[in-house]
Amino acid sequence: MPTTYLSVTPVEIPAESAIARFYELTNLADAYSVNLPAGSITNPELLARFVFSQQASWIKGLMKIRDVLVAGFGLKTSAQLTEHSVDRQAERVGIFKIYNTTEHEIILGEDDKHLDFRLSVLCPAPIGHTGERHLVLSTVVHCHNRLGRAYIFVIAPFHRMIVQSCLRRAARAGWPQALPR
């Protein structure tokens, strides 16, 4: 696979994304783009499910550490969120609640007492005459209190590594192909 499809690039949150101006005040906002090879699926929900299924084992280890640390503060753990996803699978992608889906974007996220966040998986229409497509994964976070601001300060570097890792692993695994028409 050409390296152009393995490159994950930090970008501005796309203006066409529903989360571009979601919160009046954001404590974290970032976006990463990756090119999609011709013939790849473009359905944002399927792309989100594929990306989030590409977690490295070190990410699972970090999540276990996170869960132990946040449980003492009464914050939602990944186990609690997973229980919800078993009960209502159609309304979640992994541990993330689905808030909205359009032809080109799915908005995921969660609200908790310390912060609210939204993730966007956006697969906009092809660029130019080449028909090249890309996927942009964006995150915005709004903190409610000092706990939220402290939490985001600590996890922000890990968040960025995790997002980039999942996108790179998805590209290496090979994006699912669209069915021929």
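Modeller: We may begin with helices: a helix is a DSSP run of at least four residues, numbered from the N terminus. In this predicted model, Met161 has its place in helix H4, residues 146–173.

Biologist: Is Met161 buried or exposed, or does it fall in between?

Modeller: Buried means under 20% relative accessible area and exposed means over 50%, with partly exposed in between. Met161 counts as partly exposed, because its relative accessibility is 43%. Together with Phe153, Val154 and Phe158, Met161 forms a nonpolar patch on the surface, and the accessible area of the patch is about 440 Å².

Biologist: How many salt bridges are there, and which residue meets Arg160 in one?

Modeller: A salt bridge requires a side-chain nitrogen of Lys or Arg within 4 Å of a carboxyl oxygen of Asp or Glu. The count comes to four. In one of them, the side chain of Arg160 meets that of Asp30, at 3.8 Å from N to O. This pair links distant parts of the chain, since Arg160 lies in helix H4 and Asp30 in strand S2, 130 residues apart. Arg160 is partly exposed at 32%, whereas Asp30 is buried at 8%.

Biologist: Where do Arg49 and Glu45 lie?

Modeller: Both belong to helix H1, four residues apart, or about one turn of the helix.

Biologist: How does one find empty space?

Modeller: Rolling a probe the size of a water molecule over the atoms shows where empty space is left. Here the second largest pocket has a volume of about 230 Å³. Its lining has 13 residues, with Gly39, Ser40, Thr42, Arg133 and Ala178 nearest the centre.

Terms used
Residues are numbered from 1 along each chain as its sequence is written. This is a predicted model: local features need pLDDT of at least 70, side-chain atom pairs count only at pLDDT 80 or more; totals for chains, interfaces and linings use all residues. Side-chain values use heavy atoms; hydrogens and water are left out. On a 1 Å grid over the protein atoms alone, a cavity is a set of points where a 1.4 Å probe fits but cannot get out, and a pocket is an open set with protein on both sides within 12 Å along at least five of seven lines; lining residues have an atom within 4 Å of a point. Grid points are joined across faces, edges and corners, and a volume is the space filled by probe spheres set on the points. Patches are made of residues with over 30% relative accessible area and no salt bridge: like charges are joined within 9 Å, nonpolar side chains (Val, Leu, Ile, Met, Phe, Trp, Tyr) within 5 Å. Accessible areas come from the Shrake-Rupley method with a 1.4 Å probe; for residues, only the protein chains shown count as cover. Helices (H or I, at least four residues) and strands (E, at least two) are DSSP runs, numbered from the N terminus. Buried means under 20% relative accessible area, exposed over 50%, partly exposed in between (1.4 Å probe, protein chains only).
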